[in-house]
Amino acid sequence: MKEILADHVREVIIGGIATILVLVAMVVFMATQSTSDATSSEMGDGETSEQMFSATSASAVASSAASDSSAPSAIYVDVKGAVHNPGLKKMTGDMRIVDVVQEAGGFTKQADQRQVNLAQRVTDQQVVFIPQRGEKAPQGTTGTMGTGQATTGQGGQQAPEVDLNNADVTQLQQLDGVGEKKAEKIIQYREQNGQFKSVDDLKNVSGFGDKTLERLKPQLRV
């Protein structure tokens, strides 16, 4: 009887140990599988982040290249005349004469700003001449009203420049507020006193005061 009980106890103990070993093996296997899945997931996320970073970098490079291609190119403009710092100025193609004047230090006190078209766009190799009062821009320069461009008269109408020394009665009547009688007075003055030396000499003609002269100056040349 004792031997039977002893054998039974041994079987129970051996069975218990075997069961424990199986359970331990299962726990170790499950833990190992979980770690492997987590590692695989992390590797997948890393690859996704790297791909996103590469895509973002490519987009940034493309955007930078597009920005560089659309940026205005540099041009060079030669500024002369009544500005504080004349000379060669580096500009861009989207700039205008007003930017050139600012780059050249602004107008001097002698500058005749009424002859300057500040809204004109600049171009490469352009010569911009800022005349003094009573001075006309040389041929071949730009940026001034005296280069064949029209000036704006009253009511927004375009009024051409009129040469006081060569215009006839009909041409003089193109000036704002100048009728046949005033045009004849200008010609009469010219015949009696010789050519006008400057536009300001128009004040010597009867009927042309300071206010009238100021209004007409952008339309006149000598």
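Trainee: Is Gln 125 buried or exposed in this predicted model?
Mentor: Gln 125 sits in the loop between H2 and E3. Its relative accessibility is 69%, and a residue counts as exposed over 50%. Gln 125 is therefore classed as exposed.

Trainee: What is the phi of Gln 125?
Mentor: Most residues other than glycine have a negative phi. Gln 125 is not a glycine, yet its phi is positive. The value is near 70°.

Trainee: In what order do the three strands of the open sheet lie?
Mentor: The edge strands, each pairing on one side only, are E2 (87-92) and E3 (126-130). The pairing in the sheet is mixed. Neighbouring strands are turned by 35° against each other on average, direction ignored. The order is E2-E1-E3.

Trainee: How many bridges join E1 and E2?
Mentor: Strands of a sheet pair through backbone hydrogen bonds, either parallel or antiparallel. Strand E1 covers residues 74-81, and its pairing with E2 is antiparallel. The number of bridges is six.

Trainee: What distance separates the C-alpha atoms of Gly 93 and Ala 74?
Mentor: Gly 93 belongs to the loop between E2 and helix H2 (97-103). At 34% relative accessibility, Gly 93 is partly exposed. Along the chain, Gly 93 and Ala 74 are 19 residues apart. Their C-alpha atoms are separated by 6.8 Å.

Trainee: Which residues make the nonpolar surface patch of about 300 Å²?
Mentor: A patch residue needs over 30% relative accessible area. Ile 13, in helix H1 (residues 2-70), has 47% and is partly exposed, so Ile 13 passes that cut-off. The patch is made by Ile 13, Ile 17 and Leu 21.

Technical notes. Residues numbered from 1 in each chain as written. Predicted model: local features only at pLDDT ≥ 70, side-chain atom pairs only at ≥ 80, totals over all residues. Heavy atoms only, no water. Patch = residues over 30% accessible without salt bridge, like charges linked within 9 Å, V, L, I, M, F, W, Y side chains within 5 Å. Areas by Shrake-Rupley, 256 points an atom, 1.4 Å probe, with all protein chains shown as cover. Salt bridge = Lys/Arg side-chain N within 4 Å of Asp/Glu carboxyl O. Helix = DSSP H or I, 4+ residues; strand = E, 2+ residues; numbered from the N terminus. Buried < 20%, exposed > 50% of the residue type's maximum accessible area, 1.4 Å probe, protein only. Pairing = 2+ DSSP bridges. Axes fitted to C-alpha atoms, helices over the stretch in contact; angles between N-to-C directions.
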